[in-house]
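Subject: Structure handover

Hello,

Here is the structure for you to look through. My notes follow below it.

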Amino acid sequence: MRKILFVLLVSMTLAGCGIYSKYQRPNMDNVVNRLYSPAKEGDTISIAMLEWRELFTDERLQALIRAGLRNNTNLRIARLKVAEAEATLKASKQAYIPSVTFDADGSLTSYNAEKVTPSYTVGFTAGWEVDIFGRLTNAKRGAQAALEASEAYQQAVQTQLVATIADSYYTLLMLDEQLAISRRTLDNWEENIRALTALKRAGKTNEAAVLQAKANRLSIEGSALTLEKQIAQQQNSLCALIGVTPQELRRGTLSEQEFPMELKTGVPLQLLSRRPDVRQAEMNLAQAFYNTNAARSEFYPKVTLGGTLGWTSAGAAIASPGSWLLRAIGDLMQPVFNRGLNKSRLRIAEARQEQALLLFRQSLLDAGVEVNNALVQWQTAQNRLDIDKKQIVNLRAAVWNTKLMMKHGLANYLEVLTAQQNLLQAELTEISDRYQEIQGVIQLYHALGGGVE
């Protein structure tokens with residue numbers, strides 16, 4: 001009866017101190033349910049569930065992403081961190097297994113210059129810590145949480161890498177389109193210069209108009225050279241990102257790119273399961289939780305069982321085995337006074353757990369901000385593109401009309417110049433807004449934790 005009461009008392013004590021309790025996700029409903037605008041009814045599938053191949057369908061971009069996943073330095077380091085965490089978890093699991101060592105020692109003894117007496121001991125020594133108070137269990141659970149955090153970090157690096165490669169690729173396409181528009185504009189200015197020269201000979205304009213047209217052409221030529229430099233720099237940056245030497249990259253055109261007309265974000269709770277930085281923050285919280293449990297377990301006894309099996313000889317020849325040696329040891333070590341170290345460690349662990357909780361909550365808030373910003377950018381860019389198209393149609397008609405009127409003396413060169421400059425700016429703005437639309441897709445995909453195979 002006394003033994004039963006003792007076991008019950010110990011069990012109640014352990015349950016009360018919580019050193020064996022498992023991590024439970026804290027209630028974050030007040031944060032999660034307001035992460036971003038409410039999803040439509042039935043909108044439970046997020047674009048983050050798509051593989052990157054399904055969203056980025058350009059084969060040339062896919063080849064660049066595959067190269068980046070193979071060669072990128074940061075991603076390879078993240079994979080090694082996962083391997084490191086796996087080794088740590090394996091070591092914490094093997095801590096439950098008794099340790100066995102082989103010991104052999106010998107000595108030669110002589111008293112008062114008498115005959116030398118040899119002695120030796122050979123045997124195996126085993127030690128096993130009995131995990132009554134959860135020290136090893138919490139270490140193993142903490143190592144498991146650390147492994148999951150490392151895997152989430154690897155996913156975060158991969159997600160960021162896919163998004164950055166895609167963004168860099170589409171930046172190149174935007175620069176290509178802007179350069180093509182500039183070159184077309186150069187050709188138009190050549191035609192304008194020839195027309196103005198003919199009008200000057202006919203007395204319908206003057207030399208100042210011809211010189212101004214040539215100056216405008218040179219300005220656009222300078223802009224084209226700047227775009228060529230930006231394209232070369234962007235290509236070099238993208239090559240470094242995917243781990244290859246600088247080279248000319250095969251690519252398509254901006255007009256070829258296709259994306260879903262409707263982007264679904266899914267319900268807010270999906271951020272907990274898809275965003276790697278949120279998962280990493282939660283696993284850091286779980287690890288801090290188990291570290292606190294481990295700090296509490298330091299207040300309880302540490303029980304170790306050990307023993308030795310071998311043989312020993314005192315005075316006999318080494319070639320002649322002596323007596324068998326068998327020894328069993330039980331060790332119980334209870335902290336009594338440790339200069340306040342255990343209390344300090346517990347306070348430190350509790351403070352770190354509270355910090356991890358705050359960081360987990362902040363990661364949810366940051367996730368909501370990023371999703372909202374990406375949605376606003378995508379929707380705004382779409383609306384701007386509609387306006388850009390209508391504006392370009394009107395400006396092209398305005399350029400054609402002013403040129404015709406100038407030939408008949410009904411308009412001056414300044415009106416033609418203004419109309420052409422407005423058209424050029426509108427075409428460049430349309431390309432920029434198209435890029436902003438694509439960038440909104442990339443940012444939303446990234447913000448929802450997509451980009452993983």
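Is Ala286 buried or exposed? Ala286 is buried, with a relative accessible area of 3%. The cut-off for calling a residue buried is a relative accessible area under 20%. Please keep in mind that this is a predicted model.

Surroundings of Ala286

Ala286 is found in helix 9. Leaving aside residues up to four places away in sequence, Ala286 touches Tyr23 and Ala145. The C-alpha atoms of Ala286 and Ala145 are separated by 6.1 Å, while the two residues are 141 residues apart along the chain.

The chain as a whole

The protein chain has 11 helices and four strands. Of its 453 residues, buried residues make up 40%. Take the contacts between residues at least 6 apart in sequence: 82% of them join residues at least 24 apart.

Aromatic pairs

There are five aromatic pairs in the structure. One of them is formed by Tyr23 and Phe289, with 6.1 Å from centre to centre and 70 degrees between the planes, and it is edge-to-face. Tyr23 sits in the loop between helix 1 (2–17) and helix 2 (29–32) and Phe289 in helix 9 (residues 276–297), so this pair ties together parts that are 266 residues apart in sequence. Tyr23 is buried at a relative accessible area of 16%, and Phe289 also counts as buried, at 16% relative accessibility.

Another pair is that of Phe56 and Tyr445. Their ring centres are 5.8 Å apart and their planes stand at 90 degrees, so this pair is edge-to-face. Planes over 60 degrees apart count as edge-to-face, which is why the 90 degrees here settles the matter. The pair links distant parts of the chain: Phe56 is in the loop between helix 3 (52–55) and helix 4 (59–71), Tyr445 is in helix 11 (residues 413–447), and the two are 389 residues apart. Phe56 is buried, with a relative accessible area of 0%. Tyr445 counts as buried at 3% relative accessibility. Phe56 and Tyr445 also belong to one aromatic cluster, together with Tyr169 and Tyr170.

Helix packing

Which way do helix 9 and helix 10 run relative to each other, roughly parallel or roughly antiparallel? The axes of helix 9 and helix 10 (residues 341–407) cross at roughly 165 degrees and come within 8 Å. An angle over 145 degrees counts as roughly antiparallel, and helix 9 and helix 10 are therefore roughly antiparallel to each other. Their crossing is left-handed. By class, the contact of helix 9 with helix 10 has 14 nonpolar, five polar and five charged residues.

Helix 5 and helix 6 (residues 135–201) pack at an angle of about 170 degrees, and their axes are 9 Å apart. Helix 5 is therefore roughly antiparallel to helix 6. Sorted by class, the residues in this contact are 12 nonpolar, seven polar and six charged.

For helix 7 (residues 207–242) and helix 11, the packing angle is about 10 degrees and the axes are 11 Å apart. These two helices are therefore roughly parallel to each other. The crossing of helix 7 and helix 11 is right-handed. On the side of helix 7, the contact is made by Ala209, Gln212, Ala213, Asn216 and Ile220. Helix 11 contributes Tyr413, Leu417, Gln421 and Leu424. By class, the contact of helix 7 with helix 11 has six nonpolar, three polar and no charged residues.

Two other residues

Where is Ala95 found? Ala95 is in the loop between helix 5 (73–94) and strand 1 (99–109). Ala95 is partly exposed, with a relative accessible area of 31%. Ala95 and Lys140 are 45 residues apart along the chain, and their C-alpha atoms are separated by 8.7 Å.

Lys407 is found in helix 10. Its relative accessible area is 51%, and Lys407 is exposed.

Regards

Key. Residues numbered from 1 in each chain as written. Predicted model: local features only at pLDDT ≥ 70, side-chain atom pairs only at ≥ 80, totals over all residues. Heavy atoms only, no water. Phe/Tyr/Trp six-rings, centres within 6.5 Å; stacked < 30°, edge-to-face > 60°. Buried < 20%, exposed > 50% of the residue type's maximum accessible area, 1.4 Å probe, protein only. Axes fitted to C-alpha atoms, helices over the stretch in contact; angles between N-to-C directions. Parallel < 35°, antiparallel > 145°, perpendicular 65-115°, else oblique. Left-handed = near helix turned anticlockwise from the far one by under 90°. Contact = heavy atoms within 4.5 Å. Nonpolar A, V, L, I, M, F, W, Y, C, P; charged D, E, K, R; others polar.
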